[in-house]
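Subject: Model for you to look at

Hello,

Here is the model I said I would send. Please open it alongside the notes below.

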Amino acid sequence: MPGHPEPQRLTELATEVGGLGRLARAAGDELLDSLVMVGDHGTQRVVDDAVDALVSALRGVDAECAELAYVLGSTGTRGEAGRAPSSAAGRAEDHAREAR
């Protein structure tokens, strides 16, 4: 399979996509941290359900971005150096380390 004509652009895109995923995860964490108690049980349940759904969606965005960043980075690196980056587990570990 022929390589991308500009593999560096794929690597840069992978970095940007990874950053987007980290922002989505951080937004979900911040939303959970700022969750308040409203007092009324029915209203609280609606608020909790809405926050849970949004946080779940943001975590999904993070996961998809991490996977896409890996694929793009792998393709870009393969085009530059003839090899893929370290394993997916290594990329996930890097991803977790950056979150700290």
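A salt bridge here is a side-chain nitrogen of Lys or Arg within 4 Å of a carboxyl oxygen of Asp or Glu. By that rule the structure holds one.

Before the details, some ground rules. This is a predicted model, in which local features need pLDDT of at least 70 and side-chain atom pairs count only at pLDDT 80 or more, while totals for chains, interfaces and linings use all residues. Residues are numbered from 1 along each chain as its sequence is written, and side-chain values use heavy atoms, with hydrogens and water left out.

Overall fold

The chain has three helices and zero strands, in the order α-α-α along the sequence. Helices (H or I, at least four residues) and strands (E, at least two) are DSSP runs, numbered from the N terminus. Helix α1 has 27 residues and spans 39 Å from its first C-alpha to its last, close to the 39 Å expected at 1.5 Å a residue; the expected span is 1.5 Å times one less than the number of residues.

Of the 100 residues, 25% count as buried, where buried means under 20% relative accessible area, exposed over 50%, and partly exposed in between (1.4 Å probe, protein chains only).

Confidence

pLDDT is the predictor's confidence in each residue, from 0 to 100. Its mean for the chain is 80, and 71% of the residues reach 70 or more. Among the elements, α1 has the highest mean (93) and helix α3 (residues 88–99) the lowest (51). Over residues 79–89 pLDDT stays under 50, and the model has 20 contacts beyond four places in sequence for that stretch.

The salt bridge

Which residue pairs with Asp-62? The partner is Arg-25, and the closest N and O atoms are 3.2 Å apart. The pair links distant parts of the chain, since Asp-62 lies in helix α2 and Arg-25 in helix α1, 37 residues apart. Both residues are buried. In general, side chains of opposite charge can pair when their charged atoms come close.

The nonpolar core

A nonpolar core is a set of buried Ala, Val, Leu, Ile, Met, Phe, Trp, Tyr and Cys residues joined through side-chain atoms within 4.5 Å. The largest one has six residues: Leu-10, Ala-14, Val-17, Cys-65, Ala-69 and Leu-72.

Val-17, in helix α1, counts as buried because its relative accessible area is 12%. Leaving aside neighbours within four places in sequence, Val-17 is in contact with Cys-65, Leu-68, Ala-69 and Leu-72. The C-alpha atoms of Val-17 and Leu-68 are 7.3 Å apart, although 51 residues separate the two along the chain. Leu-72, with residues up to four places away again not counted, touches Leu-10, Leu-13, Ala-14 and Val-17.

The buried residues of α1 also include Gly-18, Gly-19, Gly-21 and Gly-28.

Is Gln-44 buried or exposed? Gln-44 counts as buried because its relative accessibility is 10%. Gln-44 is found in helix α2 (residues 41–81), and beyond four places in sequence it touches Val-36, Met-37, Val-38 and Gly-39.

Regards

Definitions and conventions
Contact = heavy atoms within 4.5 Å.
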